[in-house]
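Have the viewer open as you read.

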Amino acid sequence: MDSLRTLKIARTGYIVIALITCVLGISLLINPNCPIHILCRALGIIFIADGIIKIIGYFSKDLYCLAFQYDFAFGILMIAVGLLILVRGESYSRLLFPVLGLLILTDALLRIQMSLDAKKFGLNLWWQILMAAILTGVFGMVLLINPYDGAGNTMFFTGIAFLFDGLLNLCVAVYTIKILEQFPDRFKLYQHD
């Protein structure tokens, strides 16, 4: 598969997964009493798909090399957690939300670092990624600490965390993943790297 096609698949996959994550977040906000077995199935499938997209993205040739720089290891982690949640999620339901919080916090921290790299590249909208990453990190931390009482509250805050994480990854996909055919003067030079 050529690198341009791989990059297009990765970018499209990133956008689709980000939108699905937003929809999941909104669904949990609307229905915080979602049964845990349904949530585990949805999360398992989403995490596995996200992990595969991250690994594909890592091996693509992105013009700025920002969005995918940590995605090989994080993609493997997402696949492993997705499989664990699918197979044993209900048994570990007490650990599910702190694990989700840790994953969301980790993603946010990596995106904070990426936004600072984007600033060095001269991307004007780096601060939007930074702000979205900070908000996402706060809600990831809230899930990790789990200071609230009741399953409904946990699901509600999980919904907020997923909504912000989806928006964060949508910003990353739109602002930092640049397909080379958008820059024809650089395409030939980049193909030889």
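Is Met114 buried or exposed? Keep in mind that we're looking at a predicted model. Met114 comes out as buried, because its relative accessible area is 0% and anything under 20% counts as buried. You'll find Met114 in helix H4. Leaving aside residues up to four places away in sequence, Met114 touches Leu66, Ala67, Gln69, Ile129, Val172 and Thr176. Take Val172 from that list: Met114 and Val172 sit 58 residues apart in sequence, with 9.0 Å between their C-alpha atoms.

H4 covers residues 93–121, 29 residues in total. From first C-alpha to last, H4 reaches 42 Å, close to the 42 Å expected at 1.5 Å a residue.

Staying with H1, let's see how it packs. Two packed helices are described by the angle between their axes and the distance between the axes. For H1 (residues 3–30) and H2 (residues 36–58), the angle is about 155 degrees and the axes are 9 Å apart. Angles over 145 degrees count as roughly antiparallel, so that is the label for H1 and H2. The crossing of H1 past H2 is left-handed.

Which residues of H1 and H2 make the contact? On the H1 side they include Thr6, Ile9, Ala10, Gly13, Tyr14 and Ile17, while H2 brings in Leu39, Leu43, Ile46, Ala49 and Ile53, among others. An α-helix has 3.6 residues a turn, so residues three or four places apart point the same way. Sorted by class, the contact between H1 and H2 has 13 nonpolar, four polar and two charged residues.

Finally, zoom out to the whole chain. There are seven helices and zero strands, and reading along the sequence gives the pattern α-α-α-α-α-α-α. Of the 193 residues in the chain, 47% are buried. Looking at contacts between residues at least 6 apart in sequence, 81% join residues at least 24 apart.

Conventions
Residues are numbered from 1 along each chain as its sequence is written. This is a predicted model: local features need pLDDT of at least 70, side-chain atom pairs count only at pLDDT 80 or more; totals for chains, interfaces and linings use all residues. Side-chain values use heavy atoms; hydrogens and water are left out. Helices (H or I, at least four residues) and strands (E, at least two) are DSSP runs, numbered from the N terminus. The expected span of a helix is 1.5 Å times one less than its number of residues. Axes are lines fitted to C-alpha atoms, for helices over the stretch in contact, and angles run from 0 to 180 degrees between N-to-C directions. Angles under 35 degrees count as roughly parallel, over 145 as roughly antiparallel, 65 to 115 as roughly perpendicular and the rest as oblique. A crossing is left-handed if the near helix is turned anticlockwise from the far one by less than a right angle, and right-handed if clockwise. Contact means heavy atoms within 4.5 Å. Ala, Val, Leu, Ile, Met, Phe, Trp, Tyr, Cys and Pro count as nonpolar, Asp, Glu, Lys and Arg as charged, and the others, Gly among them, as polar. Buried means under 20% relative accessible area, exposed over 50%, partly exposed in between (1.4 Å probe, protein chains only).
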